[in-house]
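Subject: Structure handover

Hello,

Here is the structure you asked about. My notes on it follow below.

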Amino acid sequence: MKIDIQIERLILSGVDVSQSQRVKLQGAIEAELARLLTVFGLPVHLQGGGRIPKLPADLSLTNTSNPVQLGQEIAQAIYGGMKL
């Protein structure tokens, strides 16, 4: 199954990520979303396709400056919001 996810805009208020760290952050988000979708699958209500104009994400970040860990936490919150 091919899954195409497009995130038009991701706003992280209060999170300081340097320009050089943004590429790592983006890659970590993409990798973790791919892993979650592979392991747990696409939520049933989205299997026929769909669009989520605004995704509620409960995001309680750990105190980290590691862009990979931050990206994983963001992706987990996105995936959690997709299941609603």
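Which side chains meet in a salt bridge? Those of Glu 32 and Arg 35 do, with a distance of 2.9 Å from N to O. Before going further, please note that this is a predicted model, and every value in this email is computed from it.

**The salt bridge**

The count of salt bridges comes to 1. Both partners, Glu 32 and Arg 35, sit in helix α1, where they are 3 residues apart, or about one turn of the helix. Their surroundings can be set side by side. Glu 32 has a relative accessible area of 6%, so this residue is buried. Arg 35 has a relative accessibility of 40% and therefore counts as partly exposed. Apart from neighbours within four places in sequence, Glu 32 is in contact with Gln 72, Ala 75 and Gln 76.

**The nonpolar core**

The largest nonpolar core has 14 residues, and those touching the most other members are Leu 25, Ile 29, Leu 33, Ile 74, Ile 78, Tyr 79 and Met 82. Two helices, α1 (19-40) and α2 (67-82), each supply at least two residues of this core. Helix α2 gives the largest share, with 6 residues.

Ile 29 is one of the core residues named above, and its place is in helix α1. With a relative accessible area of 7%, Ile 29 falls under the 20% cut-off and is therefore buried. Which residues does Ile 29 touch, if those up to four places away in sequence are not counted? They are Leu 10, Gly 71, Ile 74, Ala 75 and Ile 78. As for Ile 3, its C-alpha atom is separated from that of Ile 29 by 15 Å, and the two residues are 26 apart along the chain.

Gly 71, one of the contacts of Ile 29, lies in helix α2. Is Gly 71 buried or exposed? Its relative accessible area is 0%, so Gly 71 is buried. Not counting residues up to four places away in sequence, Gly 71 touches Leu 25, Ala 28 and Ile 29. From C-alpha to C-alpha, Gly 71 and Leu 12 are 11 Å apart in space, while 59 residues separate them in sequence.

Gln 26 also lies in helix α1. Its relative accessible area is 47%, so Gln 26 is partly exposed. The C-alpha atoms of Gln 26 and Ile 74 are separated by 9.9 Å, and the residues are 48 apart along the chain.

**The aromatic pair**

How many aromatic pairs does the structure hold? The number is 1. The rings belong to Phe 40 and Tyr 79, their centres are 6.4 Å apart and their planes are at 40 degrees, which means that the pair is tilted.

Tyr 79, at 6% relative accessibility, counts as buried. Leaving out residues up to four places away in sequence, Tyr 79 touches Leu 33, Leu 36, Leu 37, Phe 40, Gly 41 and Pro 43. Tyr 79 is also among the core residues that touch the most other members.

**The segment before α1**

Which residues make the nonpolar surface patch of about 480 Å²? Met 1, Ile 3, Ile 5, Ile 7 and Leu 10 make it. Met 1 is found in the segment before α1. At 81% relative accessibility, over the 50% cut-off, Met 1 counts as exposed.

Gln 6 has its place in the segment before α1 as well. With a relative accessible area of 69%, Gln 6 is exposed. Gln 6 and Arg 51 are 45 residues apart in sequence, and their C-alpha atoms are 9.6 Å apart in space.

**In brief**

Regards

Notes: Residues are numbered from 1 along each chain as its sequence is written. This is a predicted model: local features need pLDDT of at least 70, side-chain atom pairs count only at pLDDT 80 or more; totals for chains, interfaces and linings use all residues. Side-chain values use heavy atoms; hydrogens and water are left out. A nonpolar core is a set of buried Ala, Val, Leu, Ile, Met, Phe, Trp, Tyr and Cys residues joined through side-chain atoms within 4.5 Å. Buried means under 20% relative accessible area, exposed over 50%, partly exposed in between (1.4 Å probe, protein chains only). Helices (H or I, at least four residues) and strands (E, at least two) are DSSP runs, numbered from the N terminus. Contact means heavy atoms within 4.5 Å. A salt bridge is a side-chain nitrogen of Lys or Arg within 4 Å of a carboxyl oxygen of Asp or Glu. Patches are made of residues with over 30% relative accessible area and no salt bridge: like charges are joined within 9 Å, nonpolar side chains (Val, Leu, Ile, Met, Phe, Trp, Tyr) within 5 Å. Accessible areas come from the Shrake-Rupley method with a 1.4 Å probe; for residues, only the protein chains shown count as cover. Rings of Phe, Tyr and Trp (its six-membered ring) pair if their centres lie within 6.5 Å; planes under 30 degrees apart count as stacked, over 60 as edge-to-face and the rest as tilted.
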